[in-house]
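Please find below some notes on the model, written as numbered points. They are meant to be read with the sequence and the coordinates open.

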Amino acid sequence: MFMSISTTGSAESPATDLGFLLHKHPGKVQRFTTSHGEAHVFYPEAGDEVCTAALLLDIDPIALVRKGRGHGRGRGGSPDFALSQYVNDRPYAASSLLAVALRTVFRSAMKGDCQRRPELPGQVRPLRIELPAVPANGAGEGGGPAMVARLFEPLGWRVEATAIPLDEDFPEWGESRYLRVVLASDAVRLADALQQLYVLLPVLDGAKHYWVAPDEVDKLLAAGEGWLAAHPERALIARRYLSRRWSLTRAAMERLELARLAEADDREVEEIDNAVDDRPDDENSGYETTETTGTTGTTEATVTPAPRQPSLAEQRRTAILAALRDSGAARVADLGCGQGELIGELLKDARFTEILGVDVSARALQAANRKLRLARLPERQAARVTLAQGALTYTDARLKGYDAAVLCEVIEHLDLPRLPALEYAVFGAARPRAVVVTTPNVEYNVRWESLPAGRARHADHRFEWSRAEFEAWAGKVAAAYGYAVELRPVGPEDPEVGPPTQLALFRTDTSTPVTDTRTPVSDTTTTPEGGETR
């Protein structure tokens with residue numbers, strides 16, 4: 001099994017800098033022991049203008065059998081399978097064995113470490129990678145040269161993939177499943193190239209020489225950091241890298257989507273995957289303590305049930321449902337749905353025939369799926385609900401066509417400079433007939449005894465508005481996007497500071513032209529950040 005990495009240079013920037021990047025001296029032949037054989041690194045040529053490093057992996061078939069999944073006579077005792085353990089393409093074709101050898105031999109280079117010349121790893125230099133024999137199994141997924149191009153061209157590689165004939169002396173036998181692959185680029189760093197090969201060689205082969213355990217998801221995401229989340233074939237890559245283990249593939253795709261959304265918003269993943277709030281809701285316990293006189297004549301404390309008052313979260317949901325009914329909506333999108341509390345209430349009302357729940361947090365969507373028990377609902381009932389991952393800083397074609405959208409305790413989780421993007425995505429691009437928005441009234445915070453002065457109600461709130469500020473924002477959005485807006489209180493209304501929550505019901509006003517002329521943000525799959533317990 002063989003591969004080579006070449007680069008070009010000049011007297012000022014010699015090609016032999018490749019030796020510093022790979023941590024392998026061009027004047028030496030080095031040998032490394034791997035779990036399945038010996039790896040050798042040498043330089044067929046090393047000069048200022050051209051330098052080539054070669055990796056030769058000498059596989060030990062016996063070690064491969066002993067440490068692999070198959071032993072003895074193999075599956076079902078088949079002698080053919082037992083023979084295939086020793087007679088196969090593993091010593092000759094680039095596969096997961098070569099990927100593991102890359103990680104073993106070039107570990108520091110893959111990390112981008114170079115203590116002797118720390119400026120080199122960040123530089124982009126011409127690279128040419130040659131792989132004489134690469135299996136490209138399709139299995140119904142479009143293998144061959146087309147698959148190589150689909151995987152490498154989006155990463156900035158020029159791809160040359162040539163099918164190898166079964167026998168050059170007998171061309172009528174046709175082509176084998178193996179390709180000679182040459183990759184060339186002037187825009188890929190060496191560390192990134194090695195990480196990409198580590199992931200994509202097993203993907204092309206469609207198999208691994210070892211059991212794929214759950215920690216393979218972490219390996220995939222670590223090696224794919226910075227390029228995999230935005231790759232157009234990320235679903236194919238995850239599926240084949242994880243040997244089509246669907247539970248692992250699903251977990252990888254959820255984390256990749258979250259990484260993509262975080263990168264799009266220029267934020268850390270931990271900042272936006274915060275929709276699951278483990279704190280109890282803002283409702284009272286439903287009990288009160290009274291003093292009574294016992295039979296002995298002494299006063300003792302007993303706990304008696306008191307009529308339970310609806311929590312503020314419950315009052316919010318009630319107010320939202322009333323607004324939706326007033327709007328006549330049947331198809332509703334709950335944007336920033338969190339753990340699905342509002343969706344559960346919508347399901348109880350048959351007038352809401354289609355419900356879309358969207359949240360940036362995969363954990364929140366999983367919790368919503370469990371809480372709503374979608375898998376146990378009758379088929380017709382479950383068919384009313386769709387859960388999807390996304391964030392509302394970009395437009396999303398999935399949101400178009402709904403009668404109403406709900407932003408329940410969502411906008412305050414956005415940084416103020418990002419609000420215009422949310423406004424366009426919901427009111428401009430999706431443009432439902434009605435939009436219901438709720439947000440805290442900051443004036444009411446003084447009535448919360450447990451809330452320190454000057455503190456927001458939730459650690460992730462970027463702002464909290466007064467009634468005047470919310471009214472001004474709602475009026476501006478309504479005027480810009482052609483809606484009429486009605487403000488409603490939610491919760492007990494204090495004569496001095498107003499209600500704890502404020503609600504705005506936007507309805508399309510055909511008499512008001514849309515004045516927003518901004519260039520729309522590119523379509524992607526997104527929805528609002530965060531979302532506390534609602």
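**Notes on the predicted model**

1. E409 is buried, since its relative accessible area is 1% (buried means under 20% relative accessible area, exposed over 50% and partly exposed in between, with a 1.4 Å probe and protein chains only). This residue sits in the loop between strand 13 (404-408) and helix 16, and its phi is near 55°, a positive value in a residue other than glycine. Most residues other than glycine have a negative phi.

2. On provenance, this is a predicted model, in which local features need pLDDT of at least 70 and side-chain atom pairs count only at pLDDT 80 or more, while totals for chains, interfaces and linings use all residues. Residues are numbered from 1 along each chain as its sequence is written, and side-chain values use heavy atoms, with hydrogens and water left out.

3. For the overall picture, the protein has 17 helices and 16 strands, where helices (H or I, at least four residues) and strands (E, at least two) are DSSP runs numbered from the N terminus. Of its 534 residues, 49% count as buried. Among contacts with a separation of 6 or more, 73% are between residues 24 or more positions apart, contact meaning heavy atoms within 4.5 Å.

4. R431 has a phi near 45°, again a positive value in a residue other than glycine, and is found in the loop between helix 16 and strand 14 (434-440). With a relative accessibility of 33%, R431 counts as partly exposed.

5. How do helix 16 and helix 17 cross? The axes of helix 16 (residues 419-430) and helix 17 (residues 467-481) come within 11 Å and cross at roughly 50°; axes are lines fitted to C-alpha atoms, for helices over the stretch in contact, and angles run from 0 to 180 degrees between N-to-C directions. The two helices are therefore oblique to each other, given that angles under 35 degrees count as roughly parallel, over 145 as roughly antiparallel, 65 to 115 as roughly perpendicular and the rest as oblique. The crossing of helix 16 and helix 17 is right-handed, a term used if the near helix is turned clockwise from the far one by less than a right angle, and left-handed if anticlockwise.

6. The contact between these two helices is made by L419, P420, E423, Y424, F427 and G428 of helix 16, together with W473, K476, V477 and Y481 of helix 17. By class, these residues divide into seven nonpolar, one polar and two charged, where Ala, Val, Leu, Ile, Met, Phe, Trp, Tyr, Cys and Pro count as nonpolar, Asp, Glu, Lys and Arg as charged, and the others, Gly among them, as polar.

7. Ring pairs link F427, F463, W465, F470, W473, Y481, Y483 and F506 into a cluster; rings of Phe, Tyr and Trp (its six-membered ring) pair if their centres lie within 6.5 Å, and planes under 30 degrees apart count as stacked, over 60 as edge-to-face and the rest as tilted. The count by this rule comes to 10 aromatic pairs. One of them, F470 with W473, is stacked, at 6.0 Å centre to centre and 20° between the planes. F470 and W473 are three residues apart in helix 17, and so are separated by about one helical turn. Both count as buried, F470 at 1% relative accessibility and W473 at 5%.

8. The rings of Y483 and F506 have their centres 6.4 Å apart and their planes at 85°, so this pair is edge-to-face. Because Y483 lies in strand 15 (residues 483-490) and F506 in strand 16 (residues 501-508), the pair ties together parts that are 23 residues apart in sequence. Y483 is buried at 3% relative accessibility, and F506 is buried at 0%.

9. The axes of helix 6 (residues 145-152) and helix 9 come within 10 Å and cross at roughly 110°, and these helices are therefore roughly perpendicular to each other. Helix 6 passes helix 9 in a left-handed crossing. M147, R150 and L151 in helix 6 meet L236, I237 and R240 in helix 9, a contact with four nonpolar, no polar and two charged residues. In helix 9 (residues 234-241), L236, I237, A238, R240 and Y241 are buried.
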